[in-house]
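Reader: Hey, could you walk me through this one? I'm new to it.
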Amino acid sequence: LVAITRRLRSLFVNAVMARLGGDEFTVILHDVKDEKDISKFAKKIIVLLNQPFNICSTWMTLSCSIGV
């Protein structure tokens, strides 16, 4: 969860991010002009989280789902 949080923070400069519980996060974006902006952010999150994580010298991959 810490590694995921670090990656998400690197992606969002002007956003509010919170962990809802378990493995659920929420991101509130500011200055969104239209739904295309939201789609771009969602794709960036998926690409970012699909990259392998090195946790205690073990490489791990995960998947994510996004609801808008």
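Author: Let's start with Thr 5, which lies in helix α1. This is a predicted model, where local features need pLDDT of at least 70, side-chain atom pairs count only at pLDDT 80 or more, and totals for chains, interfaces and linings use all residues. Residues are numbered from 1 along each chain as its sequence is written, and side-chain values use heavy atoms, with hydrogens and water left out.

Reader: Okay, is Thr 5 buried or exposed?

Author: Thr 5 counts as buried because its relative accessibility is 17% (buried is under 20% relative accessible area, exposed over 50%, partly exposed in between, with a 1.4 Å probe and protein chains only).

Reader: What is Thr 5 in contact with?

Author: Met 17 and Phe 25, leaving aside neighbours within four places in sequence. Contact means heavy atoms within 4.5 Å.

Reader: And which residues of α1 are buried?

Author: Ile 4, Thr 5, Arg 7 and Leu 8. Seen down the axis of α1, they fall within an arc of 165°, so they line one face of the helix. The face turned away from that buried side carries the exposed residues Val 2, Arg 6, Arg 9 and Ser 10.

Reader: What do the buried ones pack against?

Author: β1 (15-21), β2 (24-29), α2 and β3 (53-55).

Reader: Switching topic: at what angle do α1 and α2 cross?

Author: Roughly 140°, and the axes of α1 (residues 2-11) and α2 (residues 35-50) come within 10 Å. The two helices are therefore oblique to each other.

Reader: Who makes that contact?

Author: From α1, Ile 4, Arg 7, Leu 8, Ser 10 and Leu 11; from α2, Lys 44, Ile 45, Leu 48 and Leu 49.

Technical notes
Axes are lines fitted to C-alpha atoms, for helices over the stretch in contact, and angles run from 0 to 180 degrees between N-to-C directions. Helices (H or I, at least four residues) and strands (E, at least two) are DSSP runs, numbered from the N terminus. Angles under 35 degrees count as roughly parallel, over 145 as roughly antiparallel, 65 to 115 as roughly perpendicular and the rest as oblique. The arc is that of the directions from the helix axis to the C-beta atoms.
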